[in-house]
Amino acid sequence: MRVVTAAEMYAIDRDTIENIGISDDSLMENAGQALFHVLKERVSRSARVAVLSGTGNNGGDGFVVARMLKSYGYDVDLWIIPPKEKIKGAAKAALNVYERSGYDIKEYAGNERIFATQILHYDVIIDALLGIGIQGGVRSPYKEIIEMVNRSNAAVYAIDIPSGTPADGGEVETAVRADVTITIQCPKLGAYTFPTADYYGELAVVDIGIPPLVVERNAAARLIWEEEDVVRTLPERKRSSHKGTYGKLLVVGGSRQMTGAITLTAKAALRSGAGLLTMAVPDDIYSVVANRVPEAMYYPCPSRDGSFSGAIDVSTLDIDAIALGPGMGRTDGARQLVRALLQQPAPIVIDADALFFWNEYASLVRERKDVTVVTPHPGEMARMLGLSIDDIESDRFGLSKQLATEYGIYVVLKGPYTIVTTPDGSQYVNTTGNPAMAKGGSGDVLTGIIAAFLMQHHSMQEAVSNAVWVHGKAADMLVEDGHSQWDVLAGDLIDGISSVLSHLQKRQQ
């Protein structure tokens, strides 16, 4: 399932009509029918329903929905907001069908006071006011109507996108706050970026019969990575395997001030299936961390004032992958260590403090032949690109793609709806996870899962996307099973990995 921009969705519709031969009338009817089938499963027959329609395709979809609900016996009022003569094209045809079916309309123009009174008494409001073509702020009378919808106690269902939100994301002035948004064919960028995503409520997607070929040739490769994808791509373990089968991981990090981060990364990697793991830590903290992960081997490194001195010799180690950065600090010694390890011929995951030095070693990353994964949160990404956090949040997809393709790396831009971008610019959106993960140490856990999965998957994209999905799913399952979104610790996420992998293994059987 692809995530599209407004321009891409228009191109998809146009291609479908002009080259595939499905008329715009048929697409609108298909959309209305698909929306109806979702609504009838969610809306009680006893509910009093208002469908609020504007001009254009969004309003036309509302006409079809209103007709179908009425035909099914629902108590529905169809309110048309613009003057009737402004409705054109496929929407006008859909309105004609509605009226020829024997159903009445309510016109907003001239009945503003009646509308303001009645809107407070509906159980369900279906928002078909404004579609993906909105430019700029919402004007009157839509602004006032949206404010009334948001003040009502009705359950609000938005068609395609909540009216007033930019389809591609961005700032919002006035917009419908939906309980459920039923998106047509493809989710839009705004569903996965903030602040627009806050207006969507629950997101459902309906297929209206547009051939996948049309979507693929008109939209960039931005896909939702779902549980079915994880089940399909998660490797199965062979009975003949041994500890060497699943990789030898070197985890590098830790300092006197931050002894916990490296431990979290190591435990998460082992819980995620890494066969053998060595923790490279400053020798100053070796005695502190050595008994925390008895399953690991240790490689104490020269230290200075509780941090790495910069010297490290891994020539005697057998390494299949490296996880670098958790808790290592931002000292000159750490800088030297990062540069040295980037020259090792092994896949590497760069996180946390190691990302602080990005602009000093980026040229080395571009030259690397092995896989490089960076896992910044928006603040780290902003520093890497010399931008503000607001700049990053306003263009998460675009800037992730820019960084990944420029340096030939995998970029994991963390946050709600983490985006995994591959070196060729393909993007995969993760939908697991919840606010329980907004706590120190969560990112260290993710680094461990990614590093472990890199050694067990044939496809690096699948490894990274699966790791991100498992990380978020662990938090979801914890909250579903007795935890709150306040109390989950990073260590709980590590324990939660077991439940997620067990669930996936059962799905594979």
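The model is predicted. The chain has 509 residues, of which 55% count as buried, and it contains 18 helices and 19 strands. Taken along the principal axes, its C-alpha atoms fill a box of roughly 85 × 40 × 40 Å. Among contacts with a separation of 6 or more, 69% come from residues 24 or more positions apart.

- Another open sheet has 10 strands in the order β8-β19-β18-β17-β16-β15-β14-β9-β10-β11, and its pairing is mixed.
- Here the edge strands are β8 and β11 (297-301), each pairing on one side only.
- From one strand to the next, the twist averages 20 degrees.
- Strand β9 (residues 248-252) is joined to β14 by 4 bridges, and the two run parallel. V252 has L324 as its bridge partner in β14.
- Strand β9 is also joined to strand β10 (residues 276-282), by 5 bridges and again in parallel. In this pairing, L249 has L277 as its bridge partner in β10.

**Strand β14 and its surroundings**

- β14 pairs in the parallel sense with strand β15 (residues 348-350) over 3 bridges. I322 has I348 as its bridge partner in β15.
- Together, β14, helix α11 (residues 332-342) and β15 make a right-handed β-α-β unit.
- In a regular strand, side chains alternate between the two faces of the sheet.
- Strand β14 (residues 321-324) is covered on both faces: A321 and A323 are buried on one side, and I322 and L324 are buried on the other.

**Aromatic pairs and clusters**

- The structure holds 12 aromatic pairs.
- One of them joins Y98 and Y103 in a tilted arrangement, at 5.6 Å centre to centre and with 50 degrees between the planes. Y98 is buried, with a relative accessible area of 0%, whereas Y103 is partly exposed at 21%.
- W225 and Y428 form an edge-to-face pair, at 5.6 Å centre to centre and with 90 degrees between the planes.
- Because W225 lies in strand β8 (residues 222-225) and Y428 in strand β19 (residues 427-430), this pair ties together parts that are 203 residues apart in sequence.
- Both residues of this pair are buried: W225 has a relative accessible area of 5%, and Y428 has a relative accessibility of 14%.
- F36, Y72 and Y74 form one aromatic cluster.

**Charges over rings**

- R237 places its charged end over the ring of Y246, 3.5 Å from the ring centre.
- R383 places its charged end over the ring of F356, 3.8 Å from the ring centre.

**Backbone features in loops**

- The peptide bond from S140 to P141 is cis, with omega near 5 degrees. P141 is found in the loop between β4 and α6 (142-151).
- The peptide bond from F194 to P195 is also cis, with omega near 15 degrees. P195 lies in the loop between β6 and β7.
- Q185 is likewise located in the loop between β6 and β7. Its phi is near 70 degrees, a positive value in a residue other than glycine. Q185 counts as buried, at 9% relative accessibility.
- Y417, in the loop between β17 (410-413) and β18 (419-421), has a positive phi near 60 degrees and is not a glycine. Y417 is partly exposed, with a relative accessible area of 25%.

Key. Residues numbered from 1 in each chain as written. Predicted model: local features only at pLDDT ≥ 70, side-chain atom pairs only at ≥ 80, totals over all residues. Heavy atoms only, no water. Phe/Tyr/Trp six-rings, centres within 6.5 Å; stacked < 30°, edge-to-face > 60°. Buried < 20%, exposed > 50% of the residue type's maximum accessible area, 1.4 Å probe, protein only. Lys NZ or Arg CZ within 6 Å of the ring centre and 35° of its normal. Pairing = 2+ DSSP bridges. Right-handed = clockwise from strand over helix to strand, strands pointing away. Contact = heavy atoms within 4.5 Å. Axes fitted to C-alpha atoms, helices over the stretch in contact; angles between N-to-C directions.
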